[in-house]
Amino acid sequence: MTKTFKIGEYASGGTIRVSIPKTLTTIKIQVLDTNSRAFDRSREEPELIGEHIYYSFDKNRIERDLFRITTSYWAGKITDYIANIMQTDSAPMIGGRCRI
């Protein structure tokens, strides 16, 4: 699953993309440059400024890295999104329903 947060001037680069595969093995956070004047909107992909890859959900470590990129509000929103995905998709299935 991939979600793009178009934050604008409150994040370095302006856009943060979070990718979590269905197997829930890694969490990839990419910082994309969409704020600079050099950014050409006709290109398919904006320039990649930075990338963080995590092999487990360590909320404190992820928030620490996000605080370097964006404000605490957006760091909280992004970690809440990741926590929701990790909790929802890893919940045990009983009788075809998800138990939370």
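Biologist: How many salt bridges does the count come to?

Modeller: The count comes to 2 salt bridges, where a salt bridge is a side-chain nitrogen of Lys or Arg within 4 Å of a carboxyl oxygen of Asp or Glu. This is a predicted model, in which local features need pLDDT of at least 70 and side-chain atom pairs count only at pLDDT 80 or more, while totals for chains, interfaces and linings use all residues. Residues are numbered from 1 along each chain as its sequence is written, and side-chain values use heavy atoms, with hydrogens and water left out.

Biologist: OK, which residue forms a salt bridge with R64, and how far apart are the closest N and O atoms?

Modeller: R64 forms a salt bridge with D65, and their closest N and O atoms are 3.4 Å apart. The side chain of D65 also meets that of R68 in a salt bridge, at 3.7 Å from N to O, and these salt bridges, which share partners, join R64, D65 and R68 into one network.

Biologist: Where do R68 and D65 lie?

Modeller: Both lie in helix α1, 3 residues apart, which is about one turn of the helix; helices here are DSSP runs (H or I, at least four residues), as are strands (E, at least two), and they are numbered from the N terminus.

Biologist: And is D65 buried or exposed?

Modeller: D65 counts as buried, at 7% relative accessibility, whereas R64 is partly exposed at 42% and R68 is exposed at 62%. Buried means under 20% relative accessible area, exposed over 50% and partly exposed in between, with a 1.4 Å probe and protein chains only.

Biologist: Switching to the largest nonpolar core, which residues touch the most other members?

Modeller: Of its 20 residues, I16, V18, I20, I27, I29, I78 and I82 touch the most other members. The elements giving two or more residues to this core are β2 (14-19), β3 (27-33), α1 (59-69) and α2 (72-90), and α2 gives the most, with 6 residues. A nonpolar core is a set of buried Ala, Val, Leu, Ile, Met, Phe, Trp, Tyr and Cys residues joined through side-chain atoms within 4.5 Å.

Biologist: What is I29 in contact with, leaving aside its neighbours within four places in sequence?

Modeller: With those neighbours set aside, I29 is in contact (heavy atoms within 4.5 Å) with I16, R17, V18, G50, E51, H52, Y54, I62, L66 and I82.

Biologist: What about the rings of Y73 and W74?

Modeller: Their centres are 5.4 Å apart and their planes are at 85°, so this pair is edge-to-face.

Notes: Phe/Tyr/Trp six-rings, centres within 6.5 Å; stacked < 30°, edge-to-face > 60°.
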